[in-house]
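The following paragraphs go through a predicted model.

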2 protein chains.
Amino acid sequence: MSIVVVGSVAFDGIETPFGKADKVIGGAATYFSVDASFFSPVKVVAVVGDDFGDEEMSVFRERHIDTSGIRRVAGGKTFFWKGEYGYDLNVAITKDTQLNVFADFDPVLPDSYVDPKVLFLANIDPDLQFKVLERAGRPGLVALDTMNYWISSKKPSLERLMREVDLMIINEAEVRQFSGEANLVKGARAMMKLGVDTLVVKRGEYGVLMFHADNVFAAPAYPLENVFDPTGAGDSFAGGLLGYLASRPHLTEDDMRRAIVFGSVVASFNVEAFSLDRLRAIGVDDLHQRYRELRAITHFEDYEIVA
Amino acid sequence: MSIVVVGSVAFDGIETPFGKADKVIGGAATYFSVDASFFSPVKVVAVVGDDFGDEEMSVFRERHIDTSGIRRVAGGKTFFWKGEYGYDLNVAITKDTQLNVFADFDPVLPDSYVDPKVLFLANIDPDLQFKVLERAGRPGLVALDTMNYWISSKKPSLERLMREVDLMIINEAEVRQFSGEANLVKGARAMMKLGVDTLVVKRGEYGVLMFHADNVFAAPAYPLENVFDPTGAGDSFAGGLLGYLASRPHLTEDDMRRAIVFGSVVASFNVEAFSLDRLRAIGVDDLHQRYRELRAITHFEDYEIVA
């Protein structure tokens, strides 16, 4: 039932209209693994510098996440990203990127990580993602994330990966970029023809569209009154989604849909505070409660016609 | 069970990436009334020139819409709007606006229109909307549409109206403009404090959020592969929404939600062709079928936890 995630562990500097944080814990693999750990055991592959110390590692420890795949580079500095948001929280402006030890990241999976139930290839160079895939044995399900930079610079590498993975998570602008289609549904269908069974399209505050075989599932986001910091929302979403899937004996369409909703739920908590602060303060009951709220918010009955 | 709508009947010139129409039937009241007529009897108040002849009037006649409130100005020309869309079909670029007879529109309700079950004040000058309201007797439900232009030029008039109406339909940019709040949920709540019981927020291809007392309902749009011409989508949506509501004996939360979904359904048909072409070609069974599809697309079960 375990999940392996390969991606970044980082420090972030963040400024939003609501506050400022100079150096807080971030990184795709961090957000993902903390949020997935509410549902399934998680093992992380990442690299940090020795500025990411014992206190920082507690973010994994307190959620019983296996960190034997995190390499600490002596004398190295951890990946640092600095970003700013205006009132349109959909747009992050990158102010600084210091790759540091992440520049030479060569993911190595400990033997205990091989043959996971779910493998999540968080957003890194698709050639590295492919290497990880080759080393991971026979995962039950492989999920892929990427970004606009790799679509423009390494599309053939991405296409090679897409033939091998089961599920791909992508945002709507990236679907349009990848497919060259203005219409999102057409673009998604075109991408699936490259070998992706399930395409999960993130639409930020508007929610998610999942294309799965011939089915479409549309889930609105939880309507939040206080969005504090959107950093990590996409990785949080992936964590809830894949964490829930890894906890299920089989993957039915119903399971996939519930997983999308749990992904939306954890992402909605994530954006309510800086870093992992909100997720570190809640329990699984809070997730269940918001799941039910989201169900109440979206539910409608079959129609009735009055003659 | 009847609905009265007051608004524009027009000719449109439209160019989209998929085609061009020099002069086709348009106007908020036209889209609204044709679409509402699938559910309830409709009566229109509008003004046209004598270029809007017997052939054009068939758009109302074929759906048994009461046109005794449409005044034809001898020697006058009908309101004409020309617009263009790029691949981002959310953005219309106005190329030409000829108000013509619409410039002196002074809506007069025939006696047979008084005390309707539903009164829809389509987007016109809020002072005219108020006059109509005063002349309409005691409608069971009053619904209001507006646009950015009136929010910036006649906000006090709109606020006066909002104290009187039951339901307001508005798009998300207009909520932000009106309320000055970046967060949509906060903005909607602030607007409701001015006296609107139900606020229906349109988000284009992303769907709709309805705020109704303390409830929120989120409905994704029907995911369309072929959006041909978005003109009239908002008025179509209002037509399906209020048409369904007018057909119901009482207005429960379930009815309101179904109405939102029927609004989305008719709007999704509307954008599949120019003008009213698509809606003139389908029947109520098509609406029911797409309602059920939209339900299948959005439905998810309560969660299950596997120990």
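In chain A, Val4(A) stands opposite Leu119(A), a residue of E8(A). This pair belongs to the pairing of strand E1 (residues 3-6) of chain A with strand E8 (residues 118-121) of chain A, where the two strands run parallel and are joined by four bridges. Both strands are part of an open sheet of nine strands in chain A, whose order is E5-E4-E1-E8-E9-E10-E11-E12-E13 and whose pairing is mixed. At its edges are strand E5 (66-73) and E13 of chain A, each of which pairs on one side only. Leaving direction aside, neighbouring strands of this sheet are turned against each other by 15° on average.

H6(A) touches strand E10 (167-171) and strand E11 (198-202) of chain A, and the direction of H6(A) makes about 105° with that of E10(A). H7(A) lies across E10, E11, strand E12 (208-212) and E13 of chain A, and runs at about 40° to E12(A).

A second sheet can be followed in chain B. It is open, has four strands in the order E3-E2-E6-E7 (chain B), and its pairing is mixed. Strand E3 (19-26) and strand E7 (92-98) of chain B are the edge strands, each pairing on one side only. From one strand to the next the twist averages 15°. Strand E2 (residues 10-16) of chain B pairs with E3(B) in the antiparallel sense over six bridges. Within this sheet, Ala10(B) stands opposite Gly26(B) in E3(B). Helix H1 (residues 28-36) of chain B packs on the sheet, where it touches E2 and E3 of chain B, and its direction makes about 75° with that of E3(B).

Salt bridges come next. Over all chains the structure holds 36 of them. One of these joins Asp127(A) and Lys154(A), with the closest N and O atoms 2.8 Å apart. The pair links distant parts of the chain, 27 residues apart: Asp127(A) sits in helix H3 (residues 126-135) of chain A, and Lys154(A) in the loop between helix H4 (148-153) and helix H5 (155-162) of chain A.

How much area do chain A and chain B bury between them? The figure is about 4500 Å², with 54% of it on carbon and sulfur atoms. On the chain A side, Tyr206(A), Phe300(A) and Tyr303(A) lose the most area to chain B, together 18% of what that side buries. The contact takes 46 residues from chain A and 46 residues from chain B.

Polar and charged groups also meet here. Across the interface of chain A and chain B there are three salt bridges; among them is the one in which the side chains of Arg176(A) and Glu205(B) meet, at 3.5 Å from N to O. Polar contacts across this interface involve 22 residue pairs, with both residues at pLDDT 80 or more.

Which elements of chain A supply at least two residues each to the side that touches chain B? They are helix H6 (172-179), helix H7 (184-192), strand E13 (215-219), helix H9 (253-270) and helix H11 (284-298) of chain A. H11(A) gives the most, with eight residues. By residue class, the side of chain A that touches chain B divides into 24 nonpolar, six polar and 16 charged residues.

Terms used. Residues are numbered from 1 along each chain as its sequence is written. Chains are lettered from A and ligands numbered from 1 in the order in which they are written. This is a predicted model: local features need pLDDT of at least 70, side-chain atom pairs count only at pLDDT 80 or more; totals for chains, interfaces and linings use all residues. Side-chain values use heavy atoms; hydrogens and water are left out. Contact means heavy atoms within 4.5 Å. Buried area is the accessible area (1.4 Å probe) that two parts lose on being put together, summed over both. A salt bridge is a side-chain nitrogen of Lys or Arg within 4 Å of a carboxyl oxygen of Asp or Glu. A polar contact is a pair of N or O atoms within 3.5 Å; within protein, one must be able to donate a hydrogen and the other to accept it, and residues adjacent in sequence count only if both atoms are side-chain atoms. Ala, Val, Leu, Ile, Met, Phe, Trp, Tyr, Cys and Pro count as nonpolar, Asp, Glu, Lys and Arg as charged, and the others, Gly among them, as polar. Two strands pair if DSSP finds at least two bridges between them. Axes are lines fitted to C-alpha atoms, for helices over the stretch in contact, and angles run from 0 to 180 degrees between N-to-C directions.
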